[in-house]
Amino acid sequence: MSGTVRIAGQVKHSAVDGPGVRYALFLQGCPHNCKACQNPDTHDPNAGTERDLDEVINEILSTKFLDGITLSGGDPFFQPEASLAIAKAAKEAGLDVWAYSGWTYEQLVGMTEEGILPPEHAKDVLAYVDVLVDGRYVDALHVDDDRRQECMWRGSFNQRLIDVQKSLAEGHAVQYTE
Ligand code: SF4
């Protein structure tokens with residue numbers, strides 16, 4: 001796979017971006033502009049660092065002791081070709097794939113045209129995603145630490161954990177249960 005990916009950063013062994021030990025890759029660029037976003041530096045699609053896609057994939061696959069990867073951002077679906085290549089390579093290597101998006105599952109698969117539309121091909125990434133953490137961050141619904149167990153892995157209570165493969169098979173969003 002040739003091409004580039006623009007990234008805001010990465011954490012090689014993250015314990016806070018999904019279950020187990022995960023390579024968290026933060027892709028640059030996000031159009032959602034959620035109030036009180038904690039990563040405003042990731043919004044500008046021209047900022048961050050442009051990296052060779054193969055190099056990034058090789059770095060991920062050569063990282064030891066991983067249970068999975070997490071594509072975050074920014075919004076990884078803003079760079080669908082790069083996200084698809086990374087998610088596919090990770091799945092084929094036996095890693096489990098989570099992805100965060102400010103778009104909902106319904107927006108990504110084109111069930112609704114409400115709000116900002118995702119880029120063409122964004123839904124193709126879902127073929128290689130196990131769990132999607134979906135929806136914009138809503139500050140008024142922020143998950144405080146004392147309620148963290150009720151809403152693991154999410155920033156606000158409106159966000160869902162979607163079992164992507166079940167959802168695609170059944171034709172509607174199915175929530176993921178651990
Ligand atoms: S989707 Fe995430 S990165 Fe984008 S503005 Fe909202 S909170 Fe920030």
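Strand 1 (residues 4–14) and strand 2 are joined by five bridges and run antiparallel. One of the pairs can be named: valine 11 has alanine 24 of strand 2 as its bridge partner. This is a predicted model, and everything below describes that model.

**The strands at the centre of this report**

Strand 2 also pairs with strand 4 (residues 68–73). Here six bridges form, and the two strands run parallel. Arginine 22 has glycine 68 of strand 4 as its bridge partner. Leucine 25 stands opposite leucine 71 in strand 4. Strand 4 in turn is joined to strand 5 by four bridges, again in a parallel run. There, threonine 70 has tryptophan 98 of strand 5 as its bridge partner.

| Strands | Bridges | Direction |
|---|---|---|
| Strand 1 and strand 2 | five | antiparallel |
| Strand 2 and strand 4 | six | parallel |
| Strand 4 and strand 5 | four | parallel |

**Covered on both sides**

How many residues of strand 2 are buried? Six of the six, so strand 2 (residues 22–27) is largely enclosed by the rest of the structure. In a regular strand, side chains alternate between the two faces of the sheet. On one side of strand 2 are Arg22, Ala24 and Phe26. On the other are Tyr23, Leu25 and Leu27. All of these are buried, and both faces are covered.

Strand 4 is mostly covered too, with six of its six residues buried. Gly68, Thr70 and Ser72 lie on one side of strand 4, and Ile69, Leu71 and Gly73 on the other. Both faces are covered here as well.

**The nonpolar core**

The largest nonpolar core holds 39 residues. Those with the most contacts inside it are Leu25, Ala87, Val97, Val125, Val129 and Leu132. At least two residues of this core come from each of strand 1, strand 2, strand 4, helix 2 (80–92), strand 5 (96–101), helix 3 (105–109) and strand 6 (131–134). Which element gives the most to this core? Helix 2 does, with seven residues.

Take alanine 87. Leaving aside its neighbours within four places in sequence, alanine 87 is in contact with Leu71, Val97, Val125, Tyr128 and Val129.

Methionine 111 lies in the loop between helix 3 and strand 6. Is methionine 111 buried or partly exposed? It counts as partly exposed, because it has 14 C-beta neighbours inside 10 Å, while a buried residue needs 20 or more. Methionine 111 is 38 residues from glycine 73 in sequence. In space the two are 23 Å apart, C-alpha to C-alpha.

**Around the ligand**

The ligand is surrounded by 13 residues. The closest are Cys30, Cys34, Cys37, Gly102 and Tyr137. By type, the shell divides into four nonpolar, seven polar and two charged residues.

**The whole chain**

The protein chain has four helices and seven strands. Along the sequence, they follow the pattern β-β-β-α-β-α-β-α-β-β-α. Of its 178 residues, 40% count as buried. The C-alpha atoms fill a box of roughly 40 × 35 × 30 Å, taken along the principal axes. A compact globule with 178 residues would have a radius of gyration near 16 Å, and the 15 Å of the protein chain agrees.

Among contacts between residues at least 6 apart in sequence, 68% join residues at least 24 apart.

How values were computed
Residues are numbered from 1 along each chain as its sequence is written. This is a predicted model: local features need pLDDT of at least 70, side-chain atom pairs count only at pLDDT 80 or more; totals for chains, interfaces and linings use all residues. A residue is near a molecule or strand if its C-beta atom, placed from the backbone, lies within 6 Å of it. Ala, Val, Leu, Ile, Met, Phe, Trp, Tyr, Cys and Pro count as nonpolar, Asp, Glu, Lys and Arg as charged, and the others, Gly among them, as polar. The radius of gyration is taken over C-alpha atoms; the globule rule is 2.2 Å times the number of residues to the power 0.38. A residue is buried if 20 or more other C-beta atoms lie within 10 Å of its own, exposed if 12 or fewer, and partly exposed in between; C-beta atoms are placed from the backbone. Two residues are in contact if their C-beta atoms, placed from the backbone, lie within 7 Å. Two strands pair if DSSP finds at least two bridges between them. A nonpolar core is a set of buried Ala, Val, Leu, Ile, Met, Phe, Trp, Tyr and Cys residues joined through C-beta atoms within 7 Å.
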